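Here's a quick briefing to read alongside the model. Have the viewer open and follow along.

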Amino acid sequence: MDLYLPIAEVSVNAPLLIALGALVGFISGLFGIGGGFLMTPILVFLGIPPAVAVGSLANHVAASSVSSVAAYSRRRAVDFRMGAVLAAGGAIGSVVGVEIFRILRLLGQADLVVSVSYLLFLGVIGGLMLTESLGAILRQRRGQPAPPPRDRRPLWLYGLPLKVRFPRSRLYISVIPPLALGIFVGILSAVMGVGGGFVLVPAMVYILRMPAQMVVGTSLFQIIITTAITGVLQAGRNQSVDIVLAALLLIGGVIGAQLGARASARFRAEELRAVLALIVLLVGLQMGLGLIVRPDDPFVLMQGAGG
Amino acid sequence: MTDLPPAIIQSPPAAVSAVLTETEVKVNSGFRGATISVYGAVFDPQGRPADVVVVIAGPEQPLRIARKSQVAGIWLNSRPVVFRGAPGFYRVASSRPLGEVARFADLRRLGLGLDHLAISAPMERRIETRYGVRDMVVNQLGADYFDWRSAVIRLKQKAGLYSADPAGVRYVDRGLFQAQVVLPADAPTGLYKTRIILFQDGRPVSVRDRTLTVEKVGVERALYLLAHRHPWLYGLASMALALAAGWAASRVFRRS
């Protein structure tokens with residue numbers, strides 16, 4: 001059953017896109033990531049112009065995140081205050097990131113920067129998460145106690161001014177690190193066209209030292225806010241949101257996200273992180289491969305006159 | 001022109017006439033491309049051999065193209081080059097290979113054939129002083145310019161948007177010909193100029209112009225217009241819809 005997309009101006013197979021939305025929504029609900037880093041390459045592979053894929057994806061990610069945050073908040077697993085601080089940073093970062101991306105596109109280097117940042121961030125984060133979570137799983141299997149937590153109060157996290165209480169996460173830390181993290185993720189998400197959950201989730205665990213059960217819901221909460229802003233910005237500035245495409249993806253996405261959020265309660269946090277790390281690593285390597293393999297054609301067409 | 005035999009001047013000139021089976025292609029939600037036929041007739045009382053060329057060109061779409069080159073093992077894009085004058089869709093069909101139908105100058109003048117499309121990279125032109133000569137027009141791409149230009153055509157051909165068929169015009173009966181144009185689903189919307197040209201003895205003797213419009217209709221059109229005329233409203237509405245859908249799904253699932 002093919003459907004013509006009015007903004008993307010291509011014809012797509014509707015059931016395939018709904019199934020795809022459901023699959024990515026499930027992964028999103030399970031791991032607390034937006035899933036943009038998985039979906040963008042798939043949509044582009046299906047022939048949808050990259051700009052439209054990125055623009056419409058924001059709607060899909062926002063929808064499935066709302067769906068799963070609702071589920072997480074019923075389990076009191078969302079730190080709304082922390083999420084709001086991260087989102088404030090994210091909003092600043094995405095405005096900066098959109099400008100950076102515009103300049104890169106004018107220079108024709110957007111592809112390169114996107115591929116390199118995918119390789120770099122997905123590779124490093126995936127690798128770190130995988131070693132850490134596998135270590136944790138192995139220790140549990142052998143019945144060893146967890147290693148003594150390193151300094152629970154790193155000076156740079158607690159020594160900075162502007163301390164704020166985050167009761168849900170049982171943290172009393174400076175507002176500067178989460179805000180800076182939000183800005184960084186905002187820039188990254190605008191440049192890479194993703195929600196940034198795959199950076200946020202490990203950063204909240206390893207840098208902000210938030211309790212593991214708060215991380216996924218809080219990450220998704222900040223993703224709702226940043227993707228809602230970018231989605232409206234993309235439509236307003238670039239007219240690159242295809243509502244039909246977004247609708248197809250989010251029909252599957254909201255249902256998949258519910259199932260994912262439910263399923264997450266049945267797995268251990270370390271095991272989930274290990275699987276997420278593997279997915280992240282594979283996507284990063286796949287993107288990196290595109291930089292090394294000889295292209296079919298030495299020339300590449302880009303839509304529009306630019307500027 | 002002393003060598004023109006008087007017989008040709010006296011005989012009535014040959015003429016071509018043609019119609020499109022469809023003049024409006026409607027793009028709705030079920031659009032998967034369209035096939036349009038061109039039917040035509042050649043009128044020539046003397047029955048001299050005639051060649052017919054059908055060329056159809058969609059609305060102009062400026063495009064950018066970059067070249068990849070390997071630097072330290074990594075494939076990098078060059079600075080993109082903007083080409084102007086490239087139609088979003090182009091197809092030329094003829095009864096014989098174009099090189100046999102007409103002379104190079106006529107093909108170039110009429111823009112017939114993929115080698116003769118009038119596309120150029122105006123921003124690469126620069127006026128500078130070279131070898132002490134002022135106001136020289138220099139193309140920054142230099143000798144590579146031809147590679148760039150042919151890459152544009154090649155990539156468009158690969159996407160199914162440009163094509164040339166040297167046997168695309170078939171005579172179905174004496175003086176009666178037919179040609180087919182297949183529009184892919186991602187062909188641009190807008191005005192398509194169709195031109196049917198009759199060649200005799202290597203010269204264009206008769207021309208017919210027909211237009212074809214490809215336009216979105218119904219819901220597709222309404223959404224497209226809304227997205228372009230009121231982009232912020234459209235953006236807010238589609239985001240509100242997305243958020244509501246997410247919330248609704250969580251409500252439904254809570255009950256079950």
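**Helix α4 of chain A**

At the start of α4(A), a side-chain oxygen of A:D79 comes to within 3.2 Å of the backbone nitrogen of A:R81. Keep in mind that this is a predicted model, where local features need pLDDT of at least 70, side-chain atom pairs count only at pLDDT 80 or more, and totals for chains, interfaces and linings use all residues. Residues are numbered from 1 along each chain as its sequence is written, chains are lettered from A and ligands numbered from 1 in the order in which they are written, and side-chain values use heavy atoms, with hydrogens and water left out.

- The 28 residues of α4 (residues 80-107) of chain A should span 40 Å at 1.5 Å a residue, and the end C-alpha atoms, 39 Å apart, agree with that; the expected span is 1.5 Å times one less than the number of residues.
- Buried residues (under 20% relative accessible area, 1.4 Å probe, protein chains only) in α4(A) include A:M82, A:G83, A:G97 and A:L104.
- Among the elements covering those buried residues are α5 (110-142), β3 (163-166) and α9 (212-238) of chain A.

*Positive phi in loops*
- A:E9, not a glycine, has a positive phi near 60°, and sits in the loop between β1 (2-4) and β2 (11-13) of chain A.
- B:D201 also isn't a glycine, yet its phi is positive at about 60°.
- That residue, B:D201, lies in the loop between β14 (190-200) and β15 (203-216) of chain B.
- B:D201 is exposed, at 78% relative accessible area (exposed means over 50%).

*Annotated span in chain B*
- An unreviewed UniProt entry annotates residues 232-253 of chain B as "transmembrane region"; such annotations may be inferred rather than shown by experiment.
- In the model that span is 100% helix and 0% strand, with its end C-alpha atoms 32 Å apart.
- Helices (H or I, at least four residues) and strands (E, at least two) are DSSP runs, numbered from the N terminus.

Technical notes
Contact means heavy atoms within 4.5 Å. A polar contact is a pair of N or O atoms within 3.5 Å; within protein, one must be able to donate a hydrogen and the other to accept it, and residues adjacent in sequence count only if both atoms are side-chain atoms.
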